[in-house]
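Dear colleague,

Please find below the structure that I am handing over to you. My findings follow directly after it.

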Amino acid sequence: MDLTSYAELAVLLVNGELPDEGDLRAELTTVFAHAAGGREREAVELLNDLLARHPVSPQISGHDGQRWHLHLAEGGVVMGLAAVVTELGVDRLGVCQAARCSRVFVDTSSNRSRRYCSERCASRANVAAYRARRRSGQ
Ligand SMILES: [Zn+2]
Ligand SMILES: [Zn+2]
């Protein structure tokens, strides 16, 4: 089972692209904020708390012509983030650094260099930096 795909579901949930069925969105947002702010222990403690309150309930599922596979229900997104944190590191959970954007992402780049939620935010930030340099005459 690919737990990283569940971490991507957590990203969609925090970014408002999936409906919030419990009260997970606010707490997952806080996990990302702690992680991006370098507060590793706080991020891990909140994740442990969420793991206890949202147990993983695996169900074997088959649909859309796919092979039998496991679904983890609601606890899956928390488990996905826990897998990223333990296998890749807390610093892989990020908050977009573009101005006026607070979307989150999971950094799966090989050199941990990701700073933006999307290509769109990355190019917007690059243009802003270019204009700032031109204004200051550098
Ligand atoms: Zn499925
Ligand atoms: Zn962004």
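In helix H1, the residues Leu 3, Tyr 6, Ala 7, Leu 9, Ala 10 and Leu 13 meet Gly 76, Val 77, Met 79, Gly 80, Leu 81, Ala 83 and Val 84 of helix H4. Sorted by class, this contact of H1 with H4 comprises 11 nonpolar, two polar and no charged residues. Please bear in mind that the model is predicted.

Two packed helices are described by the angle between their axes and the distance between the axes. Here, H1 spans residues 3-14 and H4 spans residues 75-87; their axes come within 7 Å and cross at roughly 115 degrees. H1 is therefore roughly perpendicular to H4. The crossing of H1 and H4 is left-handed.

His 54 is located in the loop between helix H3 (40-53) and strand S1 (59-61). Is His 54 buried or exposed? His 54 counts as buried, because its relative accessibility is 12% and buried means under 20%. Apart from its neighbours within four places in sequence, His 54 is in contact with Leu 24, Glu 74, Gly 75 and Val 78.

Yours sincerely

Methods. Residues numbered from 1 in each chain as written. Chains lettered and ligands numbered in written order. Predicted model: local features only at pLDDT ≥ 70, side-chain atom pairs only at ≥ 80, totals over all residues. Heavy atoms only, no water. Axes fitted to C-alpha atoms, helices over the stretch in contact; angles between N-to-C directions. Helix = DSSP H or I, 4+ residues; strand = E, 2+ residues; numbered from the N terminus. Parallel < 35°, antiparallel > 145°, perpendicular 65-115°, else oblique. Left-handed = near helix turned anticlockwise from the far one by under 90°. Contact = heavy atoms within 4.5 Å. Nonpolar A, V, L, I, M, F, W, Y, C, P; charged D, E, K, R; others polar. Buried < 20%, exposed > 50% of the residue type's maximum accessible area, 1.4 Å probe, protein only.
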